[in-house]
Amino acid sequence: MSHKPVSERVLSTASGVFQCSQEAVKDAATLQDLSGWDSIAHLNFILALEQEFGFSFTEEEMELFTSIGSVIDVIHAKQLS
Amino acid sequence: MTEAVFNQTFQKALAAEDKTTARVALRQMFETTPNLTNAQLVLKYANEVGFRTTGEEFKVAILRAYTVEPLLPLLQASATLAGLNLRVQVGGFNTYVQDVLSPDSWLYSFGPQMIILALQGRDLLPRLWDRVTESSSGGTEMLVSSALADLGNLLDVLRSRCNASILLPTLDVPVYPRAGILDAQALWGDRAAVDAFNRSLREMAAAQTGVYIVDVEALAGRFGRARWYDDQKWNLARLPFAADALMEIAREYMRYVHVLSGRLCKVIAVDLDNTLWGGVVGEDGLDGIRLVSGHGGAAYLEVQRVLLDLYGRGILLAICSKNNIDDAMAVLERHPSMLLRPTHFAAVRINWEDKAQNLREIADELNLGLDSIAFVDDNPAERDRVLQELPEVHVLDLPENPLHYAQTIRQFPYFERLAVSTEDRERSRYYAEERQRREIRRVTTSIEDFYRSLDMEVEIGEADSKSIARIAQLTQKTNQFNLTSRRYSEQEISALRQQMQWRVYWLRSRDRFGDNGIVGVAIAKLDATTCLIDTLLLSCRVIGRTIEAAMLAEIAEEARGHGARFLRGYFIPTAKNAPAKDFYSLHGFTCEEATSDGASLWRLDMTEMMPKWPDWISRSGALRTA
C-alpha cells in the first residue's frame, strides 16, 4: 500500500480516469466540469478509487462524490472510522 | 518489486525520454497491478513510449445486458501490451436481441471478428435470480428449456448472418441458493438448473461452427463467488461485478482474442536445472536432484505435467539449457521419476553457449519465427538476457516460488487453443522423431550407415478405394520432390486406375521412429515396349532417404514383368522442385530431349540396367506377391 497522502492519490487517480492534468482536477469546482467527465468515467473513477484504497463505498458515500474535495473528505472519514 | 517502484522508474524514464525503460516499467506496472488506473496510464502513454501494434485490426462487438464499459480500458491496455490492434464496439444497454435480429443493425456493418454475448443468469433465468420460487421441479425445467430455446434462436440468426466467432457465457449460480442446503439435495434446484442450462449450452455451441463457451461460472468460482459480485454497483450502475473481478473477465476474453487473432506460441523452450527438476545435476548428480513429491520435487513434477499437457495440445517442447550434455541426458533418459523423456523434445540445445543464440538456432531448426517461442527459465539473469537480445521471444516471468511455476505456464495466453486436431496431437511426436533421425545422421559416419540405422521398411501397393483420397491429396500438395507436379482430383485418380494401361501406386514407409503413413505416389502408363512415368513424388517428410529408389525399382520390375524394355519420364521444373532435379540422371537415365521451357524427357533401357531396390530398405507386403 502506498504511503502517499490521500489527496495526492485521489488526484492522480482522477487525472488518469478523466484524462486530464492534476491541476485541471484541482481547479474544477465539480467533477462534472472536467472535459473527460461522463457517467461511465464517473463509474470508472469510483472503481479505480476502490482499487487504489482497497475498500468499497456505500451508496450514501458515492452520492457525495461531486467535487474532488468531497471525495477526499469521504476517504479521510472512511479511513478514520 | 512493487508497483510503486515500477511507477517511479516509469516516471523517471519518461522524463529522461528513455522509451525502452519506460515501456518495460509501464508493462510491469500493469502486469503486477492490473487495475483501471494503470490501464489508463498504459493507454495514455502507449504512443509516447512507442508500444507498436502489428497486423490487422481485430474487431470485437459486445452485445450486452449489463454495464461492460469499465472492462474496455482493461481490454485495450492488455491488447496494447500484446501488440494487438483491438477495436471494441459495445451494443446498447439490454438491446442485444434487437442488435442481432435487426438486419441493418450496427453489428453487421461493424463486421466484427469476435462477438461477446455479455449476459447473465439475471437476464436469461430471471426468475431464478429474482427469487420467485417455482413450485415444482417441472416449472424450473421449463424455465431452463425455454431460456435455452430463446438463446438458440438468437444464435441461429447470428450464425446465419455473420462469420464472427461467437462467445457465449456459462451462467453463474446465485451466491446463496434460495433453498439453503436443501438446494444441494434438489434435482431441480438453483445449482442443478444452472448446471443443466450450461450443459445444454455446451451442446449448442458444439453443434455450431465458431461458437465458443466462456466459462464465467468457473471464473467466478476460481475468484470467489462471494467477492465476485458487487450489489452496490449493480444497483447504482448495472455493473454486476466488483472492481477486482473485472480484470479476471478481461483476461479471459483476451485469451480468446489471442487464439482468434493467431497470437500463439508454437514452442515452449525450457531450462533444465531448477526448472524441470530441483537442484543442479552437474553438482548434485543424478541421485541428488529433486524429483520426488514430498522431497522437494513436487513443483518440478508439476512443471513436467504442464509440459505434457502442452505437448498433447500440439505445442512443441524444446530444451535450452547450460549444462554438460552427458549429465543432462542421463537425467532425461534414466531418472526414474522423470515424466518427460528425450522423445518429447522437438529441439535440444544443451551446451554452454549463449541462450539467445541457442533460441535462434531452435527457431531455425523448427522453421518457426522467434515470436512463436516461449522461454521458461528460473534464472532471472537468463530471462533478462533473452528479453534484451530477442524482444520477439515471449519470456515467461516466473514467480519466486517454484510451486507456482506450473500455474504461470498454464495461464500463459499464447498456449491457448480452441480446437486440437489429430494432426496437432501427432505434431509433437513427429518433430521429436525427426530430431532423432537428424541426430543419428550427425553421429553416424557414412551415409549408408545412416540409412541402415533407420531400419526403413517400405510397402508399395496399387490404389484402392481407401487410398484414393490420400493419393489425390499428395499430388495436390507435394511441391518439392515431385518430378512433374501434375495435380489430380480424387475422381481423376479413380478414373485412371480403372484404365488397363495405367498404374497408380502408393508408397507407405516406416522406420524405427514410427510409421510415416502413405508418403509417396507414382503413376505410370504401360504399353508393349515402354513404361512412361507420369508422376513420381515423395512427401517432404521422407526426402533424402533413398525411398524414391525403392519406388523406381518397383515400377521397373512391374514394367519388365509386362515385357516393357524402356522406362521413360519427364522432369518438369517448378520454383520448388529442385530436390527432384537429378532424379533421372542419378538413376542412369539418359536425356532424350530438352524443351525450351526447361522440361526434359529421360529414358532408361532396362535390358542394360535395372533400377535397384536399396538393400537398407526392407520390403513389406510387396505388390508383386499380392
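Partly exposed describes a residue between buried (under 20% relative accessible area) and exposed (over 50%), using a 1.4 Å probe and protein chains only. This is a predicted model, in which local features need pLDDT of at least 70, side-chain atom pairs count only at pLDDT 80 or more, and totals for chains, interfaces and linings use all residues. Residues are numbered from 1 along each chain as its sequence is written, chains are lettered from A in the order in which they are written, and side-chain values use heavy atoms, with hydrogens and water left out.

Start by selecting Arg510(B), which is partly exposed at 26% relative accessibility. Its side chain meets that of Asp515(B) in a salt bridge, 3.8 Å from N to O; the term means a side-chain nitrogen of Lys or Arg within 4 Å of a carboxyl oxygen of Asp or Glu. Asp515(B) is partly exposed too, at 34%.

Next, pick Asp309(B) and Arg410(B), whose closest N and O atoms are 3.0 Å apart in a salt bridge. Asp309(B) sits in helix H17 (298-312) and Arg410(B) in helix H21 (405-411), so this pair ties together parts 101 residues apart in sequence. Helices here are DSSP runs (H or I, at least four residues), as are strands (E, at least two), numbered from the N terminus.

Now move to Arg385(B) and Asp354(B), a salt bridge with closest N and O atoms 2.8 Å apart. Arg385(B) is in helix H20 (380-389), while Asp354(B) is in the loop between E8 and helix H19 (355-366).

Finish at His344(B), buried at 15% relative accessibility. Its contacts (heavy atoms within 4.5 Å) include Leu308(B), Tyr311(B) and Ala432(B).

Methods. Lists of a residue's contacts leave out its neighbours within four places in sequence.
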